[in-house]
Each structure stands twice: as structure tokens, then as C-alpha cells.
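Keep the view open while you read.

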Amino acid sequence: MAQKRGQRGASSSSADDPEVVAHVPLQAVLLADSFNLKFRPITLERPKVLLPLVNVPMIEYTLAWLESVGVEEVFVFCCAHSQQLKQYLNQSEWTKPAARFSVSTIESHDAISAGDALRVIYEKSVIRGDFVLISGDTVSNMSLAQALLEHKERRKKDPLAIMTMIIKHSKPSNVTHQTRLGTDEVIMAFDPETKELRFYEDKADPSQRVISLDKILLADSPAFYMHNDKQDCYIDICSPEVLSLFMDNFDYQHLRRHFVKGLLIDDIMGYKIFTHEIHSSYAARIDNFRSYGTVSKDIMQSWTYPLVPNVKYFGCCSNMKLDRQGVFKALDVVQSRSAQIGAVTLIGSGSTIGDHSVISNSVIGQECTIGRNVSVHGCYIWNNVIIEDDCKLNHAIVCDGVHLRTGVVLEPGVILSFKVEVGQQITIPAYSKVSLLPQPSIQDSDEELEYADANSGVIESRSITSMISTRNAELSPDYSATENSGLSEVGIAGVGYIWCSYEGGNDEEWRHSVAPIPASKLAELSHEDYEDPDVSYQEVNSTPVSGELRPDSEITGDDDADGTDYGDSADFDKEVEATFQRALTGVNQETVILEINSLRLSCNKSHADCAGALFLSVIKLGLEAPNSSNGELYQNTAKEINRWKDILKHYLKSVDEEIEIILKFEEICLEIATELSPLFSTILSSLYEKDILSEDAILSWASEKEGADESDKIFVKQSERFITWLKEASEEEDDED
């Protein structure tokens, strides 16, 4: 949870403390360039950090978090489209006199990598102490206090401890070897006691079942753990020596691939990197279109609270209203009575929605016009977009000013850049990218700027006109786009160039697309795993998520060598909630149960895990309804529990599973929805009355708590009268028998 910045005044008793006398403000370096091309063609016209994320520029989330954790000075490094970014910041709340921290820009047109950026920062001599290094496309609500404290304490004991990386649990898919953010599987090794990072690999070949490690890694520690279930949040706490190392090593370009891995194999200087793992907080970087979609949904489902659409936070104000089923709507939205808005959807200010249109799991920007009989599912529509009647959009991104004429179909994964026009009855194929700008001919490396070099050539891209003409008239491949379509044309075929994909067309586009991975592709990848003649069935199924390595040992197959549960429960809860939301849109409960069962099997979860995740989803429904008292809050929650009790009961097959529900309810009251804490015993009684929880489960739960710490018996004491009544009723039944 993002913390409000506290008072910084020092008491008189600390006046002699040298750290207080020589106060060094907490600073941050925000990289406003990601130095890759994954958001092209969009980033040819606008910097990535200014692209809207749930209708708010990405950089707003990063700046809001930095302010919340107590950063006092932020240096924003920019090069691509730097004038756009500087103009935005100058007009924002962050640079006004009332701002609670200072924001300065550092500009360079020569930097082509993060390493170059940090060398420029070093030359400016603006960093005076430890600083936070973060990318401007990062969303988080974590508290940085504990990580900062650990970093400073380590620095006092060991000046060579120069960096702390923030990580969190995120189990990659066993099929795609990607996380839910669409990023590649990362393999890390760190000391279980000190959390010192010993190994880092973000480009591991999934076809290789063995990782080679140098025995020197074990020289200074008797054991460490290998993990492929950790997500790098790309939030780092750095000492000033980090900048010096970039100046001393000009081959350091990429932050992880060059700098981190370089320090880990350097046995001369002895610099050390440590990790800090977060658990209940949120942190994610938007690296590609898939993570763009994932983080957007996380924001709308309040995993990033308080950085959510209906809360006024820091530099952003909100006029959003949260309706039932997780629908956010601006107060001035004009919606036809026959139009349907499904779950996990946001409609921006000034937008209109025509008759019989259906919108679900989507974000609609400001001043958009959506006609009649339009279907929009899983899409991100930015500002001032016109969608005429009878259009069908499925998992696409549509940028500002786009105009879709009657009957247009956008297949999954389509990207329409700024002001593209698509003519009547045209279908844009899956994973197509369309822009008013022709495609640069040089495929730059992934560490070059997001804008094309002015000296680079242009690939002859098909225009929308030429694509349709080629389909209908079977013209030759040499058909010239520039001879048959000008940028001013607004006729039947529209305006824009369709970019081609490199190295095999669209074969790999699915990996980073905003669209779900096709079932056929997942089946194909699964088949490849099991049909690989060089890999045995045992090898495929026994590769551990994490394991302990000791000298002269093999990788163990035990996921939890230290008894710790590394299950991705938070991610599983999100997936179940997204599936449950479909029931709210009319999908029958039997189908939802089938889908949750598929999730349970694929994630190796139990019925109790499913029940806990469903219970959380039901509770959140009750919280979304408006209330002004505990009585109304209880009524709303009890209503939703009664409504969905059958689907909950389906996963409660034993007393142990019912106990897990009670434990989940405790967790919700303590960490997720503290407003429910005073109502715990009342809701527990309601669960009993509705036959969701049995008498045996409640009494067993209370019995297990008898030897617990006082802090762990809060809700048992609150429910004492109800538990006593259950015991007496049980004894009376025994006497009657």
C-alpha cells in the first residue's frame, strides 16, 4: 500500500546526529525512455511514459508512488520526444509551487541506452546520496521504508553493498515460460539468509533443461536458492557508486544484462547486490503490450489501490464513479438505455455509447463516440476515437483520433496508431500494426531509441488501400502503396500503412500482444515439450520452481526446501476473480466452475485455494456497493454471499477446506478490507446460517487458535459469544443423543 509522506522535522534530541545535521534528501532517477522498440509504431509519435494507462499517463503513476514513499527530488531523464515530456511536466501539478517534491528534467539526444543515461546523470553531479532508480512506466503501491532501512543498515556494515533490487513472487507459465506480464522467465539465485544476489539470467533458453553455474558462486556461502518464480520489479535502491561504475565501464549499456550480471561475475572489485522481496504490495513495469493490458486490469480491479480511477491521488484528480460489477464511468458519459457495459470496464469523460452496443473488459478514453450495434471486448480505446455502427473490436489498442467507419472488424492483437482511418467493411488481420508513418527500414537493436533515426530509410509498407485491393483484385506484391494511397485519402479504404513483422511475420507477435494467447498456440507449445526427443518425460515435469543448491549438489526437485510456500496465490486470486467476473455478465455458473477447475489444474491448486479466491471475489462485490454504516456494509456483503453460496459450496468438500475459508476471511479483514474487521463475527455467523460453514469447521478453527499469540486471536475473541453458543448447542445435542 502506498504510504502518505510523513513529517520530516527532527526533534531537538537528534540535533547532534550527524545524519540529521547533514540531511541528504531522498532522490530518485526516473528514466523516461525504455530504450526498446516494443511499443512501436505508437512511440514514433509520443513518448511511452505519456501513453495513457487507464486514461492516465503512465508517468503519473510512477511520480505519485515516488511522492508517497518520501522522495524529495526527482530527476527525469528524457531523450526521445523530450520536448513533449518537458511541456507535459511544466503544465502538470508536479512542477507547481504547491508540489510536495521537486521534479527536474535532464535531457540528452545522444543517449541510446540506460547506461548512457546514467553516465549523463553522473556528469551533472546532482546525486548526493542513495537514490531510487526507476523507469517511468512502473506502477506500484509498496512502502519503501523497510527496503530503504535494510539498504542503509547494510551500507553501514559493508560499503560494497551498493544496490538493492525489489522483487516479488510471480510464477511463469510452464508452457510459454513467460509471466502474466508477458516478460521472459528470470532465473535468480540468492543467499537465503542475507538475500545477496548471486546469479541473474533474464535471457535463459527454455529449451535447455540445465543451467551451468561456476563453483566460485559457492565459495563464500554454503548454500543458496535458485528461483525461476521471482519477478524483477525494476525498482532499485542505489548508492552513488552505481553511477561511478557506469562511468568506469562504457560497455555497461543494459541495466540487468550488462551491469547486474557484470558485477556478479566480477571477483576483483567485490561489489554486492541484494534483493528485497515484497509480498502483499503491488509493483509491475509495463514492458510490452501484454503487460499494458495486464496492469490496466489490475488497476481497475483495485490491486494498485490507492492508484485507482475513482480515487483522487496526488497529481491526479478523478470524476469517476464506480458502479456494480467493477464498472467505472465518468459522470458525463452518455449511454443509450439499450447499451450494455460489462465487468472490468472504464468509460472516460464526454464519451457516448449508441443503441445496442456492448462493451466489456475495456477502457474507453475521453470524448469517444461509439455508434450502434458496436461490440468492444478486451480493448483499449484512447481519446477522441470515432467508431461507427456495426464495428467489432476484439483485444485491440486504438490510439487518439482514430476513425473506424461502418462495419470495421479489428481482430485480436491489432494496434492502430494515432489518427489512422479505416474504411467501411474492412477487416484488419490479427496482430497488424497500422500507422500514418511508414515503417523504418532498419530494425534497430532493443537498446536503441524509440524513435527512428532521421537518416534511416523506409520500408515500402502496404497501405490499407493496397491491402484491400490486393485481396480483391489479386494484384502483384510490387503494388505501390504510395501511388494508390495518399495520407489525405478518406475514401472506402481509409488512411494508414500496415507495418510488416520481421523474421517470420506474426509468428511471435502473440508473445507480447494485448490479446490472450491462442489456445492452438498453447497446444502446439505443450506438444513440442512432450515430443522433444532429447528431453525425457521426467525432465519436463520435474524442473523445479525453486530449489536449494549446495556444493557438489544437483538441482533438487523440492519446490520448498525450507518449508516456505512459494505458490503464486495472489496471481491465482486475480485469475479466479477475472473468471468470476464473467458470471456477473451472464455466463452460467457451470461454465465458470469449469473454467476455475481448469485454472486449478494448470496452477496446481487445491479446492481450498479456489474457495478462498472465490470468497475474496464475493466479498469485494459487497464492498463495491455504496454504504454509509456498518449495518449497510453487512447487508451488502450478506446479500452477495447468499447470491453466490452455491458456487462457494462447490469447492468446500471437507472441514479442512471450510477452515481455509475462515483463515482467508481473517486475511481479508486484516490486510485487504479492514472496514470488515468489526463485522467478522456477524458475517461468520451468517456463513454458518447459510450452511456454507459447518459447526465443526468453526469450532476446529477456534480450537487451533488456542495456543496462538494474542495478536492472532483477535477474531476468535470477537466471535467468542457465537463460538460459546455453538459449543453449548453441540453439547445439548450430545445429551439428547
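Q: At roughly what angle do the axes of helix H18 and helix H19 cross?
A: This is a predicted model. H18 covers residues 655-672 and H19 covers residues 680-689. Their axes come within 12 Å and cross at roughly 150 degrees.

Q: Is H18 roughly parallel or roughly antiparallel to H19?
A: The axes cross at roughly 150 degrees. Angles over 145 degrees count as roughly antiparallel. Therefore H18 and H19 are roughly antiparallel.

Q: How many residues of the contact of H18 with H19 are charged?
A: H18 brings Ile662, Phe665, Glu666 and Cys669 to the contact. H19 brings Phe680, Ile683 and Leu684. Six of the contact residues are nonpolar and none is polar, and the number charged is one.

Q: Which are the edge strands of the open sheet of seven strands?
A: The strand order is E5-E4-E1-E6-E12-E8-E13, with mixed pairing. An edge strand here pairs on one side only. That holds for strand E5 (102-107) and strand E13 (272-278).

Q: Which residue in E13 does Thr164 stand opposite?
A: Strand E8 spans residues 161-169. E8 pairs with E13 in the parallel sense, over seven bridges. Opposite Thr164 stands Phe274.

Q: What angle does the direction of helix H7 make with that of E8?
A: H7 (residues 255-265) packs on the sheet. The strands that H7 touches are E1, E6, E8, E12 and E13. With the direction of E8, that of H7 makes about 125 degrees.

Terms used: Residues are numbered from 1 along each chain as its sequence is written. This is a predicted model: local features need pLDDT of at least 70, side-chain atom pairs count only at pLDDT 80 or more; totals for chains, interfaces and linings use all residues. Side-chain values use heavy atoms; hydrogens and water are left out. Two strands pair if DSSP finds at least two bridges between them. Helices (H or I, at least four residues) and strands (E, at least two) are DSSP runs, numbered from the N terminus. Contact means heavy atoms within 4.5 Å. Axes are lines fitted to C-alpha atoms, for helices over the stretch in contact, and angles run from 0 to 180 degrees between N-to-C directions. Angles under 35 degrees count as roughly parallel, over 145 as roughly antiparallel, 65 to 115 as roughly perpendicular and the rest as oblique. Ala, Val, Leu, Ile, Met, Phe, Trp, Tyr, Cys and Pro count as nonpolar, Asp, Glu, Lys and Arg as charged, and the others, Gly among them, as polar.
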